[in-house]
Amino acid sequence: MFFALTHSENNARSGVITTARGTIQTPAFMPIATQGAIKAGITPDDLRSMGVEIILGNTFHLHLRPGEQVVADFGGIQEFCAWQGPMLTDSGGFQVFSLAKIRKISDEGVEFRSPLNGDKILFTPEKVMQIEHDLGADIIMAFDECPPHPAEKKEVESAVRRTTDWAKKCKTAHAVLLKKSGKEQHLFGIVQGGVHPELRKQSAEELLELDFPGMAIGGLSVGEPNQDMYDICEYLNPILPTDKPRYLMGVGTPRDLLEAVERGIDMFDCVLPTRNGRHGKAFTSGGDINIVSAKYAVDKNPLDENCSCFVCQKFTRGYLRHIFKAGEILGMRLLSHHNLYFYQNLMQNIRSAIRENRFAEFKKAALYGFSENA
RNA sequence: GGGCGGAUAGCCAAGCGGUCAACGGCGGCAGACUGUAAAUCUGCUCUCUCUGAGUUCGGGGGUUCGAAUCCCUCUCCGCCCA
């Protein structure tokens, strides 16, 4: 069985996903290795030491460099990265949003211009499936259209229509490739529909007919108010099947994770722990801190006194501030490490709380802590 | 001793009669970042009773309606000739 739900408390769920390369306890947070590496020098050993069970790669960026054939030649993305655990590849659907200035959408697919050299890159559902099969991740995402926020409702409707159409094509192409490769790869569908409940419902129902082993919610955390994101999760909760993992793409802040878990989400990924780590912001049990702030110059405390990561065992805020200001790469690595550890620890605590039927009180206490510095 | 060339806000450095409180960079301060074109981006950084006013461009003096910008002089720095 791919997904087994083991505990639930109201809508919050905990379970386990089983792949050929290992299991993933849920709710899970997946660090992002867009180009096959967690930025700022976090190694596979680092990830394992903090309890990470699955990481992400990106189809678009890995296609541009080094190319899926190179990755396939190494035996797949997991071997290539020396991670060797479960991996997931995003499809390039987010690049439809993030690279909006250098792409053209049609019903056939999306024509990108390479940010590397200006080459025209045509992504169709079939092409994306071929690339994701060559990359060989354990979970692969259907090619979707992620519209911006705000957007005209017509634009969102069209994105839902294309996303469904492309999902069908992805499923068909995936089935053919799967038969040929004999590998185990699980294709997830992605629900679109912006902040419109009726479009979300339509998108989810159309995708559910295709019976994907997992369902993702895309098109959120693109600029809409946080409450809208929570509302959409809450709205979709009874529509999505309970026996399949739900993946809220691109989310989020520690608070977002708690709010979304409460509304039935099982999987997350987000650049925040690593990007903010590189930009000098640390997540702590007492809220975010900006380590370059002058007030930490002679602060001899760790980033988070409640954290047991090695950064918090060894280094003071004053030292971290100094190496950050000095531009030493160690500062970015240490903050990235701490932030990823903080996220993993938070997810571990969330899972324990759900399994012990005390998630509601855990969430309340955690949110109270995050507000200390706010 | 003589001849050139310099001295601009914390530092470097543009400006060379009005549109200059003075380009730009560094440093400093603050903020942003949510399926990563991000070790990135944005704002502020002389003083004040701050949508206005006051003092600045080595010191002093002068020319002019008006000077960081022109003239005289002093001080200091660099290069060259003795």
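**View 1. Strands S1 and S2 run antiparallel and are joined by six bridges.** Strand S2 covers residues 12–19, and Ser8 stands opposite Arg13 in S2. Strands pair when DSSP finds at least two bridges between them. Strands (E, at least two residues) and helices (H or I, at least four) are DSSP runs numbered from the N terminus. A word on the model: it is predicted, so local features need pLDDT of at least 70 and side-chain atom pairs count only at pLDDT 80 or more, while totals for chains, interfaces and linings use all residues. Residues are numbered from 1 along each chain as its sequence is written, and chains are lettered from A and ligands numbered from 1 in the order in which they are written.

**View 2. Three strands make an open, antiparallel sheet in the order S1-S2-S3.** Strand S1 (3–9) and strand S3 (22–26) stand at the edges with a single partner strand each, so one side of each has no neighbour in the sheet. From one strand to the next, the twist averages 10°. Helix H14 packs on the sheet, touching S1, S2 and S3 (contact means C-beta atoms, placed from the backbone, within 7 Å). The direction of H14 makes about 115° with that of S2; axes are lines fitted to C-alpha atoms, for helices over the stretch in contact, and angles run from 0 to 180 degrees between N-to-C directions.

**View 3. Strand S11 (residues 186–191) is largely enclosed by the rest of the structure.** Six of its six residues are buried, meaning that 20 or more other C-beta atoms, placed from the backbone, lie within 10 Å of a residue's own. In a regular strand, side chains alternate between the two faces of the sheet. Here His186, Phe188 and Ile190 point one way from S11, and Leu187, Gly189 and Val191 the other way. Strand S10 (residues 139–141) pairs with S11 in the parallel sense over three bridges, and Ile140 stands opposite Leu187.

**View 4. The largest nonpolar core has 99 residues.** Such a core is a set of buried Ala, Val, Leu, Ile, Met, Phe, Trp, Tyr and Cys residues joined through C-beta atoms within 7 Å. Phe188 and Leu248 have the most contacts inside this core, and helix H14 (residues 329–355) gives the largest share, twelve residues. Leaving aside residues up to four places away in sequence, Leu248 touches Ile217, Leu220, Cys233, Ala260, Ile265 and Phe268.

Methods: Buried ≥ 20, exposed ≤ 12 C-beta atoms within 10 Å, placed from the backbone. Contact = placed C-beta atoms within 7 Å.
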